[in-house]
Amino acid sequence: MGKPTTLASTPVLALDGVGKSYNGISVLRGISFEIAPGEIHGLLGENGAGKSTLLKILGGAITADAGAVLFDGVPTRLSSPRDSIAHGVSLISQELALVPQRTVLENVFLGGWANAAGFATPAADRRRFDELCAEVGFDLDPHALVASLPLGKAQQVEILKALARGSRVLCLDEPTAALAEAETEQLLEVLRTLAARGTTIVIVSHFLEEVLGIADRITVLRDGAQIATEDASAHTSDSLVRLMVGREVAALSRTPAPLPDSAPVVLKAEGLTNDRILDVSLEVRRGEILGLAGLVGSGRSETLRALFGADRISAGRVSVSGVPVRRATIRRMIDRGLALVPESRKDEGLVLRRTTAENIALPSLGGRQIGGIVRQGAEASAVDRVVAMVDVRGSVRHVPVGALSGGNQQKALFGKWLVTPPEVFLIDEPTRGVDIGAKVNIHNLILDLAAAGTAVIVVSSELEEVMALSHRILVLRAGRVVAEFPSPADREDIMSAAFL
Ligand SMILES: Nc1ncnc2c1ncn2[C@@H]1O[C@H](COP(=O)(O)OP(=O)(O)OP(=O)(O)O)[C@@H](O)[C@H]1O
Ligand SMILES: [Mg+2]
């Protein structure tokens, strides 16, 4: 462990030997560090290292089974979110804890925390709301329904809710994973403002540059153990990766395999139109990786969903290997060899109660019973390959997918398609929440599938990822295809096509 840094002021929060086990397996042990008021503390580690577990302990969502958490030097029992909130700690997870069918204002003051003093009235709430917005520079419509907000704005509502409760420690679990570049910048700026006013921030992120750009100090976890707590200024992304992984990580050096001129078109869409996209035409050939770039809301995911039959189209045509598909439904598209890895794994991708092995076997099982999987041939090797990526202890064979860390769930999602590679693979955000080593694995997996003949369409809010993987890039803007670039494409060209 590196030299511990000493704090100039009394820590607002201290962890002393904190540990947690599940079913006798220790996922966190001996965690001890202090955080000063107004400090931004980055929490780093590979998928499954224990970051979310630590934040959940601070947020009172789960209870530590060893060690102590101290506020202002006083050991404190955190056995519910209520306890944590009472001590001024708010946890903002990726799955936001908002009520979608209520307004922004209602959500901010939900739970009655601001009413504790007994003088809250709608007018007082509204005044307080305006004050808070002004303090942190948010521009939110108090009467908008939360369901109608883009993710970046919904996150702002969570932050306001925490501030309205008087939180002095904000814990954020991968807050930028699903944000676009501009939204990310805005969030980081808000966090800096809050810290400057004395709010303490603990932030988990897989984007190392982002952490280096914002954190005062960082703690690195590896496999449940604390590897270092040090000043961020002492580090570069390379040195952080070495701490996280314990070895050098290969850079993303591979490029897509060259595409033979003879490669036939597998998927062709003409004039796809619905309420989200307008006249989208594209084709992708056997073995080709087509990237879709564009801002959040530009119609990239909606294009994938329309191709997959998940969203209805009001005009346009899709054909697979030259054969038109009449009235596309998901079932029909799957029968034609299409597969979609959706943006949100929780909602659409995985059966959370089932083990990873079962989830992997699902698409190839068809009508067969899931309980008694015959692990042989392709299934067995696919499960092994995913196990190797997901978890060194191999617990994925027995643990329900729902208990895996966020990044490991994302890997399991991919494992599903290794058994029977699809003809056309539509992938929305392939590496969201995935650590830097696993990202290389997932990229290689996509490149391998394409090299073996699968036609791929990939959407990612990380432009670098689209550029690294694609043979060709289409840029969408306001639901239309506005530009096309062969690889290697120029970053600036893509950006200006996406924005203008
Ligand atoms: N309810 C649970 N039951 C069993 N194991 C669990 C449970 N919750 C978490 N774990 C295990 O604890 C370990 C740490 O998980 P955690 O979610 O804290 O990782 P993480 O660092 O946040 O990873 P990621 O970057 O993928 O989000 C993982 O091995 C995970 O499978
Ligand atoms: Mg996590």
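**Entry 1: Ile218**

I started with Ile218 and found it in strand β9, which spans residues 217–222. I keep in mind that this is a predicted model. Is Ile218 buried or exposed? Its relative accessibility is 1%, and the cut-off for buried is under 20%, so I put Ile218 down as buried.

Next I looked up who touches Ile218, setting aside neighbours within four places in sequence. The contacts include His41, Gly42 and Leu44, and also Val211, Thr229, Glu230 and Leu240.

**Entry 2: the four-stranded sheet**

I then traced an open sheet of four strands, and wrote its order as β12-β11-β14-β15, with antiparallel pairing. Which strands stand at the edges? They are β12 (280–285) and β15 (323–325); each has a single partner strand, so one side of each lacks a neighbour in the sheet. On average, neighbouring strands here are turned by 20° against each other, direction ignored.

For the pair β11 (residues 265–273) and β14 (residues 315–320), I found five bridges and an antiparallel run. Within this pair, I saw Leu267 opposite Val320 of β14.

**Entry 3: helix α9**

Last, I followed helix α9, residues 300–307, which lies across β11, β12 and β14 and runs at about 115° to β11. How many of its residues are buried? I have seven of eight, so the helix is mostly covered. Among the buried ones are Arg300, Glu302, Leu304 and Leu307. After α9 comes Gly309, and I noted its positive phi, near 80°.

Definitions and conventions
Residues numbered from 1 in each chain as written. Chains lettered and ligands numbered in written order. Predicted model: local features only at pLDDT ≥ 70, side-chain atom pairs only at ≥ 80, totals over all residues. Heavy atoms only, no water. Pairing = 2+ DSSP bridges. Helix = DSSP H or I, 4+ residues; strand = E, 2+ residues; numbered from the N terminus. Axes fitted to C-alpha atoms, helices over the stretch in contact; angles between N-to-C directions. Contact = heavy atoms within 4.5 Å. Buried < 20%, exposed > 50% of the residue type's maximum accessible area, 1.4 Å probe, protein only.
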